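This report describes one protein chain. The sequence and the structure are shown first, and the description follows.

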Amino acid sequence: MLTWKDIISFSVNGNPKPDRRVEKTEEEWKAILTSEQFRITRKAGTEAPHSGGLCTSYEAGKYNCVCCNTPLFDSTIKFNSGTGWPSFSQPIKENAIKYLKDTAFGMVRVEVQCNTCDAHQGHVFPDGPEPSGLRYCINSESMVLQTEEQVSE
């Protein structure tokens with residue numbers, strides 16, 4: 001289980017190696033993403049709070065990167081943080097997420113990206129539920145929910 005100390009270490013010392021890499025040109029990303037998905041995932045944008053379709057969805061399944069379909073989070077570790085964005089306490093695997101120090105807007109935060117394709121997902125904070133204490137605050141537009149029914153088809 002990852003802790004805040006692990007997150008800081010990754011953001012300072014380097015991230016775990018992903019299982020695979022997906023790289024595309026900006027034009028290739030634009031061709032497969034909506035304009036809002038592109039703005040958020042490829043330009044590190046943020047959707048308005050309480051606006052994302054996955055914010056209040058608690059269906060069983062996997063939350064995959066909208067860009068490369070890599071599984072990032074599982075519904076079993078999703079929780080209602082009250083922040084207006086889907087929140088998770090752990091990634092699906094230690095190497096699913098990449099961590100970057102973010103000093104935009106005069107704050108110091110840790111940005112989270114898909115470790116496979118570098119798509120911006122959101123940020124992680126040390127104010128989540130026990131036992132990890134982590135809150136991954138993720139944009140709905142950065143993910144697609146693959147329900148258990150879809151997996152079994």
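A44 lies in the loop between α3 (35-43) and β1; helices (H or I, at least four residues) and strands (E, at least two) are DSSP runs, numbered from the N terminus. Phi of A44 is near 60 degrees, a positive value in a residue other than glycine. With a relative accessible area of 44%, A44 is partly exposed; buried means under 20% relative accessible area, exposed over 50%, and partly exposed in between (1.4 Å probe, protein chains only). D118, in the loop between β6 and β7, also has a positive phi, near 70 degrees. D118 is partly exposed, at 24% relative accessibility.

P131 belongs to the loop between β7 and β8, and a cis peptide bond with omega of about 10 degrees joins E130 to P131. In general, most residues other than glycine have a negative phi, and most peptide bonds are trans.

## Basis of the description

The model is predicted: local features need pLDDT of at least 70, side-chain atom pairs count only at pLDDT 80 or more, and totals for chains, interfaces and linings use all residues. Residues are numbered from 1 along each chain as its sequence is written, and side-chain values use heavy atoms, with hydrogens and water left out.

## Overall fold

The protein has 4 helices and 9 strands. Their order from the N terminus is α-α-α-β-β-β-β-β-β-β-β-β-α. The radius of gyration, taken over C-alpha atoms, is 14 Å, close to the 15 Å that the globule rule gives for 153 residues, so the protein is as compact as a globular protein of that length. The globule rule is 2.2 Å times the number of residues to the power 0.38.

Of the 153 residues, 48% count as buried. Among contacts (heavy atoms within 4.5 Å) with a separation of 6 or more, 60% are accounted for by residues 24 or more positions apart.

## The nonpolar core

A nonpolar core is a set of buried Ala, Val, Leu, Ile, Met, Phe, Trp, Tyr and Cys residues joined through side-chain atoms within 4.5 Å. The largest such core has 29 residues, and F73, Y99, C117 and Y136 touch the most other members. At least two residues of this core come from each of α1 (4-13), β1 (61-65), β2 (71-74), β5 (97-102), β6 (109-114), β8 (135-138) and β9 (143-147). The largest share, 3 residues, is supplied by β6. In soluble globular proteins, nonpolar side chains tend to be buried together.

Apart from neighbours within four places in sequence, Y99 is in contact with residues including L2, I7, F10, V110, V112 and Y136.

## Buried and exposed residues

Is L134 buried or exposed? At 0% relative accessibility, L134 counts as buried. L134 sits in the loop between β7 (120-125) and β8. Beyond its neighbours within four places in sequence, R109 is in contact with L100, K101, D102, H123 and F125. D19, in the loop between α1 and α2 (26-32), counts as exposed at 60% relative accessibility. Leaving aside neighbours within four places in sequence, D19 is in contact with K93 and N95.
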